[in-house]
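Hello,

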Amino acid sequence: MESRFTDVLIVGMQKFYEHLRLGEPNEHLRDLLHDSECPIVVTPEKFAYPENVILAYDGSRSSVYAIRMFSYIFPDLCQCPATLVYAASGKQSEMPEQVCIQELASRHFSQLTSLLLQVKRVDDLHGWLQNISKPILVTGAFGRSGLSNLFKKSFSTNYISDYRYPVFIAHQ
């Protein structure tokens with residue numbers, strides 16, 4: 001209920017990552033992520049201050065909402081290099097509503113680049129993400145399409161828990 005009256009909730013729990021590694025977030029954390037009425041930043045106990053912003057875009061309302069909310073809440077981080085990334089696999093060969101999302105993101109992020117990643121396996125995406133220095137990932141709720149499906153289990157559980165960087169999660 002308190003999340004209704006706050007701008008952002010910062011959750012710094014090593015236990016969160018341990019449960020993700022097991023593939024089973026505990027009930028309290030799952031409810032927190034799902035039911036929160038404000039954006040959440042999940043951080044490991046120790047992390048480097050972000051120097052790169054990764055905007056995970058899958059064409060959904062939730063991913064656009066997360067990008068917008070991040071820019072409102074953390075305007076200083078909008079000066080960092082930012083990458084708007086869409087992971088295309090199979091039939092999806094272009095970024096949905098590309099002109100619109102690039103226009104929105106470029107208004108908020110001064111050093112924006114867009115990236116359409118053609119991936120065959122989740123590991124292809126992991127390889128790319130490993131090369132990002134001191135990132136913060138911006139993502140919508142764990143959705144059901146495009147990038148979200150690709151990220152749902154492996155990205156959200158394995159990559160985040162293995163590399164331990166902050167993740168900004170927002171949904172309407």
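The notes below go through confidence, then strands, then cysteines.

This is a predicted model, in which local features need pLDDT of at least 70 and side-chain atom pairs count only at pLDDT 80 or more, while totals for chains, interfaces and linings use all residues. Residues are numbered from 1 along each chain as its sequence is written, and side-chain values use heavy atoms, with hydrogens and water left out.

The average pLDDT (the predictor's confidence in each residue, from 0 to 100) is 79 for the chain, and 71% of the residues score at least 70. Over residues 143–159, however, pLDDT stays under 50.

Strands here are DSSP runs of E with at least two residues, numbered from the N terminus, and two of them pair if DSSP finds at least two bridges between them. Strand 2 (residues 40–43) runs parallel to strand 1 (residues 9–12), to which four bridges join it, and Val42 is the bridge partner of Val11. With strand 7 (residues 167–170), strand 2 pairs in the antiparallel sense over three bridges, and there Val167 is the partner of Val42.

In a regular strand the side chains alternate between the two faces of the sheet. In strand 2, Ile40 and Val42 point one way and Val41 and Thr43 the other, and all are buried, where buried means under 20% relative accessible area, with a 1.4 Å probe and protein chains only.

As for disulfides (pairs of cysteine sulfur atoms within 2.5 Å), the count is zero. Cys80 is in none, since the nearest cysteine sulfur, that of Cys78, is 8.5 Å away. Cys80 is buried, at 15% relative accessible area, and Cys38 is also buried, at 6%.

Best wishes

How values were computed. Buried < 20%, exposed > 50% of the residue type's maximum accessible area, 1.4 Å probe, protein only. Contact = heavy atoms within 4.5 Å.
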